Each structure stands twice: as C-alpha cells, then as structure tokens.
Amino acid sequence: MKQKIIFSEQFYVTADPHEEIVTVLGSCVAVCLWDTKHKICAMNHYLLPLWNGDGLQSLKFGNISTQKMIEAMFRAGSTKRNMVAKIFGGALININEAFSVGPRNIQIARDVLQEYKIPIVSEDIGGPSGRKIYFSNEDGSVHVKYSKNS
C-alpha cells in the first residue's frame, strides 16, 4: 500500500485503491471523505476553525479547507449522494481548555458537512490524546493510533 502523508494546511484526493492518506493530529482536525461508488477518497488537515474574511483565504481554516476538498472530490468524479465523511482529531491538548481550538475545529467540520448534506458515518474526536490517522481508499477504512499522554 502506497502512503501519501499530508501536513497541516493541506488536503489530498486520490482514486488509487492501493493508496492510503496519513496525517498526525492534535487539536487540528482531519475530515475524511469517501465516495463509496467511485472509490475516491480525500483527507484534509486544518489548524483553525473559521476564516473570518480578513486576509487571504487559506487551507489552515476548516471552513475553507473542507469546502475546497469537497469541490476537488467533485472535479475527480465524485458525487454528493455517494459520499460519506469521517471526522478525526480536535484533542483538548491545551492546559487551559477554555481556549482550546479542538472543539471549535470539530464543530466547523460538522457545519460544513451538514451544509453540503454529506453524512458523517463515524468520528474519533476530542479527548486528551493526539492521533495518527491512516485512511485507506481500498475500502474507506480508517485506522487510528493514539499518542501517549505525557
């Protein structure tokens, strides 16, 4: 199986059934999209929930990243009716959880997916640990490895 590693402020789309997309998350969130009919998958990795209109639009914002990734799935031949989503990350890694970006990152993923009417079929979110995510285009499965808490 070939691996494509993505980092924050990136997304990746593939139709190769022998490829998996990998990323490491803390308070960041990854949205995994899978077209169950056409076997196209995509994953993004974003840092912050919402671009507020100031400055340039950037893939570091969840609302921009997820929208651009969905549009890239459409260009790759995917259709909304065949798409499902899985959400990962959003850990509470800050000492002061009141300022943690994780829960807001999770909410923006849900909001954008709801706007596009793409169902969320699973999620592994929140909690105190980071995660390494392996998303397989062969069958749409996701394997999660948790980081050790310090």
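In the predicted model, the side chains of arginine 110 and glutamate 123 meet in a salt bridge, with a nitrogen-to-oxygen distance of 2.7 Å. Arginine 110 belongs to helix 2 (residues 102-115) and glutamate 123 to strand 7 (residues 120-125), so the contact ties together parts that are 13 residues apart in sequence.

The structure holds 3 salt bridges. Another of them joins aspartate 16 to lysine 2, the closest N and O atoms being 2.4 Å apart. This pair links distant parts of the chain, since aspartate 16 sits in the loop between strand 2 (10-14) and strand 3, while lysine 2 is in strand 1, 14 residues apart. Lysine 2 is partly exposed, with a relative accessible area of 47%. A further salt bridge connects arginine 131 with aspartate 124, for which the closest N and O atoms are 2.8 Å apart. In general, side chains of opposite charge can pair when their charged atoms come close.

An open sheet is formed by 4 strands in the order 1-3-8-9, with mixed pairing. Strand 1 (2-5) and strand 9 (142-146) are the edge strands, each pairing on one side only. From one strand to the next, the twist averages 20°. Within this sheet, strand 3 (residues 19-25) and strand 8 (residues 131-136) pair in the antiparallel sense over 6 bridges. Glutamate 20 stands opposite serine 136 of strand 8. Strands of a sheet pair through backbone hydrogen bonds, either parallel or antiparallel.

Valine 24 is exposed, with a relative accessible area of 53%. Valine 24 and isoleucine 6 are separated by 18 residues in sequence, and their C-alpha atoms are 8.4 Å apart in space.

As for the helices, helix 1 (residues 62-75) packs with helix 2 at an angle of about 40°, their axes lying 9 Å apart. Helix 1 and helix 2 are therefore oblique to each other, because angles under 35 degrees count as roughly parallel and those from 65 to 115 as roughly perpendicular. The crossing of helix 1 and helix 2 is right-handed. Helix 2 thus takes part in the packing with helix 1 and also carries arginine 110, which is paired with glutamate 123 of strand 7.

The cysteines were considered in turn. A disulfide is a covalent bond between the sulfur atoms of two cysteines. A search of the whole structure finds 0 disulfides. Cysteine 32 is in no disulfide, and the nearest cysteine sulfur, that of cysteine 41, is 8.0 Å away. For cysteine 41, which is also in no disulfide, the nearest cysteine sulfur is that of cysteine 32, at 8.0 Å.

Most residues other than glycine have a negative phi. Glutamate 9, by contrast, has a phi near 70°, a positive value in a residue other than glycine. Glutamate 9 lies in the loop between strand 1 and strand 2 and is partly exposed, with a relative accessible area of 37%. Lysine 39 likewise has a positive phi, of about 55°, although it is not a glycine. Lysine 39 is found in the loop between strand 4 (29-35) and strand 5 (40-45), and at 33% relative accessibility lysine 39 counts as partly exposed.

Notes. Residues are numbered from 1 along each chain as its sequence is written. This is a predicted model: local features need pLDDT of at least 70, side-chain atom pairs count only at pLDDT 80 or more; totals for chains, interfaces and linings use all residues. Side-chain values use heavy atoms; hydrogens and water are left out. A disulfide is a pair of cysteine sulfur atoms within 2.5 Å. Two strands pair if DSSP finds at least two bridges between them. Helices (H or I, at least four residues) and strands (E, at least two) are DSSP runs, numbered from the N terminus. Axes are lines fitted to C-alpha atoms, for helices over the stretch in contact, and angles run from 0 to 180 degrees between N-to-C directions. A salt bridge is a side-chain nitrogen of Lys or Arg within 4 Å of a carboxyl oxygen of Asp or Glu. Buried means under 20% relative accessible area, exposed over 50%, partly exposed in between (1.4 Å probe, protein chains only). Angles under 35 degrees count as roughly parallel, over 145 as roughly antiparallel, 65 to 115 as roughly perpendicular and the rest as oblique. A crossing is left-handed if the near helix is turned anticlockwise from the far one by less than a right angle, and right-handed if clockwise.
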